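Hello,

Here is the structure you are taking over. My notes on two parts of it follow below.

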Amino acid sequence: MKRLLGKSPSELKDIVASYGQASYVAKQILNWLYVHKVKSIMDMKNLSLKFREELMKDYEVGVLDIYDCQQSVDGTKKYMFEVKTSLKQAKNIADNEDDDKLRRGFIEAVMIPEGDRKTLCVSSQVGCKMACKFCMTGRQGFNGNLSVADIISQIFSIEESDDITNIVFMGMGEPLDNYENVKAAIDVLCSDWGLAWSPKRITLSTIGMIPTLKKFLEETNCHLALSLHNPIPEQRGDFMPVQKLFPVDKVLDLLKSYDFRRQRRLSFEYTMFAGHNDTPAHAKALISLLSGFFCRVNLIRFHKIPDFPYESSADTVMEDFKSMLERAGIITTIRASRGEDIFAACGMLAAQEKNLRI
């Protein structure tokens, strides 16, 4: 069954035209999808009953049901959804092979309350190809890209849907490895025909896939967070294989071409591992690497995961590291850990138990 959620005005015009409907019907459907957030075509009351019945033979709204929800002692909530992805897509089967069956997968989204803010961390893939050793998502492998409807569903399905103030693409997957669908989801969020959000409410986190990073910077005004984690290339490459394909110095060369002093914010994510990237020498290397950038560094406590030997840096070490960066004029924060007790903190998302059962 095809899904209406995530469709743009032009796509909906083509759909309604195929049923012999006037183009204004597409605007009516847009309003039902993105203003009223209906979950059933039958709820689109100003469409004729006959058309609704015809449309339902081929389409559904396509909002995902919540498969599971856990709540942390700190108020963070982790939602799990079941999705369908293409086996061909997940396994990179050649186009001349005919196995394109759908397979079950599970994704997670995390709602983080803080004062009058509610931030939703959304996923863009089932698993991830990047294979960062300290990330549970990356260690489970890649099982497929999420559709636009899958991405938008994470926002529309949850209890706090109408109260979400910010979206961060920091959940499962590398957003720029599924750029076209992520960009289409951003269009739904930011366009007048969609939710009409300011792009300042959206942050995308990436390891730095240069070709699609350039497209993202050219085609959106959303904030950018780069996963850095070590300023020394050889050491970064030890636990982030992407360093070999997209070296961090090349990524930074690209970022130098853009102005981050206005509405768009640039930040660097830096997970701290005791004895591995938290020394004064690493701080000095990081200061040198970021020289000339108007940016923020977010220091992140490493959250222990199975079969990975590193430990998080001590609080005192993180404070000293932060002080060194601040003395060099770099805005630096230590990110508060949220949802660790339900495996909802940074690097812990995997829907692991469920995905291993597929």
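Strand β5 (residues 102–114) and strand β6 (residues 117–121) run antiparallel and are joined by five bridges. Strands here are DSSP runs of E with at least two residues, helices are runs of H or I with at least four, and both are numbered from the N terminus. Two strands pair if DSSP finds at least two bridges between them.

This is a predicted model, in which local features need pLDDT of at least 70 and side-chain atom pairs count only at pLDDT 80 or more, while totals for chains, interfaces and linings use all residues. Residues are numbered from 1 along each chain as its sequence is written, and side-chain values use heavy atoms, with hydrogens and water left out.

Back to the strands. E114 stands opposite R117 in β6. The hairpin of β5 and β6 has two residues between the strands, and G115 takes a positive phi near 65° there. β6 is also joined to strand β9 (residues 166–169) by three bridges, and these two run parallel. In this pairing T119 stands opposite N166 of β9.

Now the helices. The axes of α8 (residues 210–219) and α11 (residues 248–255) come within 11 Å and cross at roughly 20°. Axes are lines fitted to C-alpha atoms over the stretch in contact, with angles from 0 to 180 degrees between N-to-C directions. The crossing angle makes α8 roughly parallel to α11, a term for angles under 35 degrees. In the contact (heavy atoms within 4.5 Å), α8 supplies I210, L213, K214 and L217, and α11 supplies K250, V251, L254 and L255.

Regards

Terms used:
Angles under 35 degrees count as roughly parallel, over 145 as roughly antiparallel, 65 to 115 as roughly perpendicular and the rest as oblique.
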